[in-house]
Amino acid sequence: TQSTWGEMEDALPSSSRFDGLDLSMGVSLERQLKFMMDGVDNVVMETGRMAHYYKQVGRAAQAQAQNKQRLSEMNAQRASRGESAMTEEQLDKRGVPRVGQAPARLESMLAS
C-alpha cells in the first residue's frame, strides 16, 4: 500500500495534498470521536427526559382543568339540591396526577 500511496501522492498536485493529515493521529481522533458521540448521546437522552417531563406537565394541567370543570358542575348540582358547595381540596383528595421535579439541566448543559 505504501507504493500505491506514494504513486498517488506524486500524481496529485502539491496544492491538493493533505500534508497536515497524518494517519498516526488515528488513535487520538478515534478517542475524540468517541467523546463526541458520548456527548451527543447524553444530549439526546436529556432531550428525551425533558420532553417526557413537559408531557407530564401538560397532562397534569389538563387534569387540573378537568377537575375544576367537574367541581363547578358538581357544585351546580349540589346547589340545586340545597347542599353546600364542595371545595377544591375535597376534590383534590380524589387524586390529581402529580408531576415530579424537572430534570436537572446543568449536567447536560456542561456536557454539551
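Hi everyone, let's start with D38, which is partly exposed at a relative accessible area of 32%. Here, buried means under 20% relative accessible area, exposed means over 50%, and partly exposed lies in between, using a 1.4 Å probe and protein chains only.

A quick word on what you're looking at: this is a predicted model, where local features need pLDDT of at least 70, side-chain atom pairs count only at pLDDT 80 or more, and totals for chains, interfaces and linings use all residues. Residues are numbered from 1 along each chain as its sequence is written, and side-chain values use heavy atoms, with hydrogens and water left out.

So what does D38 pair with? D38 forms a salt bridge with K34, with the closest N and O atoms 3.3 Å apart. By salt bridge I mean a side-chain nitrogen of Lys or Arg within 4 Å of a carboxyl oxygen of Asp or Glu. K34 is partly exposed too, at 48%. Both residues sit in helix α2, residues 26-81, 4 residues apart, about one turn of the helix. Helices here are DSSP runs (H or I, at least four residues), numbered from the N terminus.

Next, please look at E46 and R49, whose side chains meet in a salt bridge at 2.8 Å, N to O. They are 3 residues apart in helix α2, again about one helical turn. E46 is buried, at 8% relative accessibility, whereas R49 is partly exposed at 43%.

Finally, R81 and E83 form a salt bridge, with the closest N and O atoms 3.5 Å apart. R81 is exposed at 53%, and E83 is partly exposed at 39%. R78 joins these two in a network of salt bridges. The structure holds 4 salt bridges. Thanks, everyone!

Definitions and conventions:
Helices (H or I, at least four residues) and strands (E, at least two) are DSSP runs, numbered from the N terminus.
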